[in-house]
Amino acid sequence: GLQKRPRRIRREMSSDGGELCSARCAEQPFDVAFHPGDNGIFVSGLITGAVEVWENKGERVRKLKTIDAHTESVRTLGFVNDGALLLTGSSDRSILALDTATGKPLAKLEHAHKSAVNRLKVLDQNLVATGDDDGVVKVWDTRQQTACGSFAPFVDFVSDIAHVPADDAVAAGANGPSGSLVVTSGDGTIAHLNMANWKELGQSDNQEDELLSCVVMKNGRKAVAGSQTGILNIFNYGQWEDISDRFPGHPSSIDAMIKVDEETLLTGSSDGIVRIIGILPNKMLGLVGEHGEMPIERMALSGDNQFLATASHDRTIKMWDVGYLWERDLRAEAANFDGVGGELDDDSDDDSDSEEGGGGKRKRKQKQKRKKGGKIQDSNAARDAVKKAAAKKFFDGL
């Protein structure tokens, strides 16, 4: 009987979305991060204000401890000082520094922002950028208790922050010693912020669509922003007024993105599917897998590029083997993944019907049907493809 089979086989058979394993959180996770020096450790920030510390063994995970970090939800977190410190940002407007080894609080900025801290991005060993629900971005030096500088370019929540190191910053005036920031907001704009003089280098016009995620690609020449209506908006770096290209086709909002290389990224969507996307030329290259039918909130990549973690509204964090994306032969195979369409349809249905989601000003999730006839798979077809691929992988391994 199935119950007598080895634990490994039972787990693989139940993982019909293609994941290696799944961590069941006590409540909904808002963010996930890998320890920079130990790929076997990752943490999750929960809606309850708790932080869970997990051990990752590739094909299984184990919860090591739970830390009561905040009285309100932990929306964002990240490691600094080579992983010695874990920083958490919360709806209670504070930023907390935890000792990673013991889980004990070391320092707390009670009123780091005037509204909920929605995003935290580690820039280097000592610098961290945070963004809040009012559209304010602050940069902190972890050796001090005060902000180095701040920006207020937006009128709605900061959704994502991308760091452009100084040697990658091609736009004029961006070459400060700490580089610059590219930031997206729920107000429908993307901005380029200079940490040398704390001035805005540029900001787009309102795209009339919430921008929820961003990455910088093409060796600093392009910025890509994922939107509420499933469009990838592509900007020429330094020419921020309007998009240079748009890549429609995701059937749901693009809530999270991870850069693979200068031409490739991973998208986590509210339809629960992780896709592999090529940029310029714009093509859907394949699927990592299906987290589930509920939205993917955040994604994180391990330091060795072997594991992708996805956090979802279904209270789970799932672990995916993505090391093949850095191997040319296997990546070419992914590009020819059976059943996945080529270029996405250039037409898009811009009508949206947003509704207020949980967490106040956080993402307003919409339930939108993309029009039929495009070349990209819809969510159901993508799920079928994922399950077929997972089944084939399982039986090939027997």
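How do the residues of the lining of the largest cavity divide into nonpolar, polar and charged? In this predicted model, the lining comprises six nonpolar residues, one polar and one charged. Its members are Val43, Val53, Ile67, Phe79, Leu86, Leu98, Asp99 and Thr100.

The overall fold was examined next. The protein contains three helices and 28 strands. Of its 398 residues, 57% are buried. Contacts were taken between residues at least 6 apart in sequence, and 49% of these join residues at least 24 apart. The accessible surface amounts to about 17000 Å². Carbon and sulfur atoms account for 46% of that surface.

The largest pocket holds about 1300 Å³ of space. Several strands contribute two or more residues to its lining: β2 (29-35), β6, β10 (117-122), β14 (158-164), β18 (211-217), β22 (254-259) and β26 (296-301). The top contributor is β14, which supplies six residues. In total, 47 residues line the largest pocket. Lys121, Val122, Ile258, Ala300 and Leu301 lie nearest its centre. By class, the lining of this pocket splits into 25 nonpolar, eleven polar and eleven charged residues.

Strand pairing was followed in two regions. In one, β4 (residues 50-56) and β5 (residues 61-68) run antiparallel and are joined by seven bridges. Valine 51 has isoleucine 67 of β5 as its bridge partner.

Strand β16 pairs with β15 (residues 180-185) in the antiparallel sense, through five bridges. Here threonine 184 stands opposite isoleucine 190. The hairpin of β15 and β16 has four residues between the strands. Within that hairpin, glycine 188 takes a positive phi near 90 degrees.

Strand β16 also pairs with β17 (residues 199-203), again antiparallel, over four bridges. Leucine 193 has glutamate 200 of β17 as its bridge partner. A hairpin is formed by β16 and β17 too, with four residues between them. Its turn includes tryptophan 198, which has a positive phi of about 60 degrees.

Backbone geometry was then considered. Most residues other than glycine have a negative phi, and most peptide bonds are trans. Aspartate 82 has a positive phi, near 55 degrees. This residue is in the loop between β6 (74-80) and β7 (85-90). Aspartate 82 is exposed, with a relative accessible area of 56%.

Leucine 280 likewise has a positive phi, near 50 degrees. The loop between β24 and β25 holds this residue. Its relative accessibility is 31%, so leucine 280 counts as partly exposed. The peptide bond from leucine 280 to proline 281 is cis, with omega near 10 degrees. Proline 281 lies in the loop between β24 (273-278) and β25 (283-290).

Key:
Residues are numbered from 1 along each chain as its sequence is written. This is a predicted model: local features need pLDDT of at least 70, side-chain atom pairs count only at pLDDT 80 or more; totals for chains, interfaces and linings use all residues. Side-chain values use heavy atoms; hydrogens and water are left out. Buried means under 20% relative accessible area, exposed over 50%, partly exposed in between (1.4 Å probe, protein chains only). Contact means heavy atoms within 4.5 Å. Accessible areas come from the Shrake-Rupley method with a 1.4 Å probe; for residues, only the protein chains shown count as cover. On a 1 Å grid over the protein atoms alone, a cavity is a set of points where a 1.4 Å probe fits but cannot get out, and a pocket is an open set with protein on both sides within 12 Å along at least five of seven lines; lining residues have an atom within 4 Å of a point. Grid points are joined across faces, edges and corners, and a volume is the space filled by probe spheres set on the points. Ala, Val, Leu, Ile, Met, Phe, Trp, Tyr, Cys and Pro count as nonpolar, Asp, Glu, Lys and Arg as charged, and the others, Gly among them, as polar. Two strands pair if DSSP finds at least two bridges between them.
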